[in-house]
Amino acid sequence: MTVLDHPAAQTWPPDAHAPRRDPAPLLPDAEPVRVLGTKALAEADPELLRELYRRLVVGRRYNQQATTLTKQGSLAVYPSSTGQEACQIAAATALRATDWLFPSYRDTLAVVSRGVDPLEALTLLRGNAHSGYDPYEHRIAPLSTPLATQAPHAVGLAHAARLRGEDTVALALVGDGGTSEGDFHEALNFAGVLNAPVVFLVQNNGYAISVPLSKQSAAPTLAHKAVGYGIHGRLVDGNDAVAVHSVLSDAVAHARSGKGPVLVEAITYRLEAHTNADDAGRYRTPDEVAGWQQRDPLPLMERHLREAGVLGDAEVEQAAAEAEALADRMRAMFHVKPELDPLSLFTHVYAEPTPQLREQAAQLAAELAADAEAGAR
Amino acid sequence: MTTLAPQAAPASTATMAQALNTALRDSLREDPTVHILGEDVGTLGGVFRITDGLAAEFGADRCLDTPLAEAGILGTAVGMAMYGLRPVVEMQFDAFAYPAFEQLVSHVARMRNRTAGRMPLPITIRIPYGGGIGGVEHHSDSSEAYYAHTPGLHVVTPGTVGDAYGLLRSAIASDDPVVFLEPKRLYWSKADWTPDAPVPALGKAVVRRPLTPGSGDTATLLTYGPSLPVCLEAAEAARAEGWDLSVVDLRSLVPFDDETVCAAVRATGRAVVVHESQGFAGVGAEIAARVSERCFHHLAAPVLRVTGFDIPYPPPMLERHHLPSVDRILDAVARLQWEQ
């Protein structure tokens with residue numbers, strides 16, 4: 001007789017802490033969901049497919065141009081999402097205008113894809129302000145640098161929206177490294193307990209800077225982490241833009257209908273280094289990168305859509321022209337040096353500056369006046 | 001429903017705990033966006049009963065029992081504040097708030113600044129703090145210096161029953177995050193008080209004990225929160241020594257009221273800063289520096305500090321040796337070279 005067969009075990013546990021849910025329906029898909037190269041592609045809306053393709057092309061060019069701007073010294077740092085564009089654009093296209101996006105520092109492209117001006121989206125990384133865009137205008141929280149700390153914000157916002165009777169959904173973007181942080185755990189736990197309409201998208205690109213996933217987590221997949229919190233886990237091919245859009249849209253609809261939060265793990269790859277300051281050659285082989293280039297979301301999409309007869313030369317050329325126009329615009333925008341007011345340093349620390357800040361602002365103003373006078377002489 | 005101090009029939013005397021409970025109740029009644037969240041704040045009413053009866057009156061959504069996770073509690077409050085709510089967070093004990101420190105310094109304190117004023121976070125973070133109640137390890141820390149060192153936070157601590165009510169109302173009404181430090185050893189202190197007393201603004205110190213002109217050598221005690229009653233007692237005891245001590249209650253550490261503090265110090269030329277947290281790199285060091293910078297030519301002696309020792313908070317059977325006492329304060333006053 002095992003311990004569990006013992007008669008006393010039959011009446012245990014008492015109601016207050018009995019298992020409440022069958023974990024099986026929460027378990028993620030056995031294989032990552034794919035649409036490209038499957039019969040499901042034929043059922044997709046051709047307009048949507050062309051739109052996703054167009055956004056992929058423009059997004060890739062955006063990543064390239066931003067990286068170039070770092071080399072020219074116009075941008076302080078850029079964590080490229082080249083290779084991860086399918087996740088970025090899906091994050092934007094799966095949401096309604098009334099929903100909220102909670103991006104991390106690698107998600108600038110998701111922010112731009114949601115409609116933020118490319119220059120405003122890059123102010124943090126350019127170094128002229130912490131957040132260029134108005135969070136309420138676009139319903140996008142500022143880019144978060146501390147890992148996974150924005151995830152509980154998404155839960156709180158989704159919870160507040162539901163308290164107000166609105167059907168807003170919050171989408172939090174986290175990387176594979178971020179899933180190791182305590183805030184990720186606490187956010188999932190709160191989301192499950194509050195049944196908050198929130199979706200977590202983990203972009204598993206294989207590395208937290210240099211540390212591979214095998215040293216980050218012992219879980220079968222990162223999507224499995226959902227089950228322990230009583231929420232649904234989904235696994236998707238992160239380089240298949242149609243699949244990511246589809247799974248994320250389902251997750252958002254699930255959350256919106258009050259069925260609870262969802263954790264989506266998208267398996268993808270960062271084709272570039274962590275940032276322009278990183279040497280990825282120290283921790284991964286050219287063979288590995290070459291292998292993932294075969295799975296590059298952009299040619300993958302183009303090939304399958306051409307085969308399906310959804311995409312022709314005209315659309316491809318049109319997308320390329322749009323991408324080039326964006327790159328031109330970015331170069332022109334960064335050519336102009338921003339005019340910054342040093343006294344703005346004191347403006348937004350508190351609703352009203354403290355007496356101490358007023359004194360310090362007066363000191364800086366006097367220094368600036370003296371500088372101006374010296375310059376005038 | 002437990003009604004400790006109903007708005008309609010104000011109690012003539014109340015404990016600080018009752019005053020805080022009334023402040024929360026009045027804020028919940030007046031403003032539907034006010035939401036309380038924390039561990040044990042609902043059915044139990046908080047381990048110190050500060051939220052007693054609030055879930056019953058306002059519902060589980062307005063007074064939310066959360067999972068036990070301080071970063072999660074504060075992080076969730078951030079999202080709620082982003083969506084137009086006015087969260088009041090309870091951290092159960094001083095040292096239990098440390099897991100939420102990253103949320104506090106990396107997001108709560110600077111969201112207004114990060115977004116150029118577009119996303120203010122009107123969150124009140126209530127933290128029972130300080131010792132003197134025989135609490136075991138991790139239940140008696142004085143953490144005010146960590147918070148006061150973080151730009152973007154207001155740091156407030158009441159020393160009287162009336163201020164507990166008034167400052168908490170002001171904190172909840174503030175459009176900026178406020179760390180509201182509740183001196184837990186004063187929770188059961190009683191005073192005459194009615195909830196319709198005027199509500200003090202954040203950032204204003206008050207002279208709790210003015211000088212009695214012509215009554216002896218004078219000095220100013222600068223203090224706040226749990227050390228206020230100790231300083232008032234010391235000032236009474238000092239009469240026997242022929243000293244007349246004024247006592248300034250800072251109430252707000254950020255913003256700091258230089259004006260009231262410096263006026264009080266200039267009147268006496270001698271000052272002692274008293275707080276129970278450790279002295280090294282503490283709030284007292286900041287106060288002593290500010291007073292020295294602004295009042296140097298009025299000072300007859302260096303600004304002294306009477307603080308806790310620079311040790312982890314001691315076990316309860318030894319805490320009386322650590323906490324600033326009346327004798328230690330009087331010793332410092334004596335060291336201010338009265339003979340000269």
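Buried means under 20% relative accessible area, exposed over 50%, and partly exposed in between, using a 1.4 Å probe and protein chains only. With that in hand, B:Ala281 is exposed, with a relative accessible area of 61%. This is a predicted model: local features need pLDDT of at least 70 and side-chain atom pairs count only at pLDDT 80 or more, while totals for chains, interfaces and linings use all residues. Residues are numbered from 1 along each chain as its sequence is written, chains are lettered from A and ligands numbered from 1 in the order in which they are written, and side-chain values use heavy atoms, with hydrogens and water left out.

**Chain A overall**

- Chain A holds 14 helices and seven strands; helices (H or I, at least four residues) and strands (E, at least two) are DSSP runs, numbered from the N terminus.
- The C-alpha trace of chain A spans about 95 × 60 × 45 Å along its principal axes.
- Of its 377 residues, 51% count as buried.
- Taking contacts in chain A between residues at least 6 apart in sequence, 75% join residues at least 24 apart; contact means heavy atoms within 4.5 Å.

- Two packed helices are described by the angle between their axes and the distance between the axes.
- Axes are lines fitted to C-alpha atoms, for helices over the stretch in contact, and angles run from 0 to 180 degrees between N-to-C directions.
- The axes of H2(A) (residues 46–71) and H3(A) (residues 85–93) come within 9 Å and cross at roughly 120°.
- H2(A) and H3(A) are therefore oblique to each other: angles under 35 degrees count as roughly parallel, over 145 as roughly antiparallel, 65 to 115 as roughly perpendicular and the rest as oblique.
- H2(A) passes H3(A) in a right-handed crossing; a crossing is right-handed if the near helix is turned clockwise from the far one by less than a right angle, and left-handed if anticlockwise.
- On the H2(A) side, the residues that meet H3(A) include A:Leu52, A:Arg55 and A:Leu56, and their partners in H3(A) include A:Glu85, A:Ala86 and A:Ile89.
- The residues of this contact divide into five nonpolar, three polar and three charged; Ala, Val, Leu, Ile, Met, Phe, Trp, Tyr, Cys and Pro count as nonpolar, Asp, Glu, Lys and Arg as charged, and the others, Gly among them, as polar.
- H3(A) also has H10(A) (residues 241–256) as a partner, with axes that come within 9 Å and cross at roughly 35°, again in a right-handed crossing.
- Among the residues making that contact are A:Cys87 and A:Ala90 of H3(A), and A:Val244 and A:Leu248 of H10(A).
- The contact of H3(A) with H10(A) divides into eight nonpolar, two polar and no charged residues.

**Buried parts**

- In the largest nonpolar core, of 87 residues, A:Phe200, B:Leu74, B:Ile123 and B:Ile125 touch the most other members; such a core is a set of buried Ala, Val, Leu, Ile, Met, Phe, Trp, Tyr and Cys residues joined through side-chain atoms within 4.5 Å.
- Leaving aside neighbours within four places in sequence, the contacts of B:Ile123 include B:Leu74, B:Val89 and B:Pro177.
- Helix H4 (residues 101–108) of chain B is mostly covered, with six of its eight residues buried, including B:Leu104 and B:His107.

**Backbone points in chain B loops**

- B:Ala281 has phi near 55°, a positive value in a residue other than glycine, and lies in the loop between strand S13 (271–278) and helix H10 (283–295) of chain B.
- Phi of B:Asp40 is near 75°, also positive in a residue other than glycine; B:Asp40 is partly exposed, with a relative accessible area of 25%.
- The peptide bond from B:Val254 to B:Pro255 is cis, with omega near -5°.
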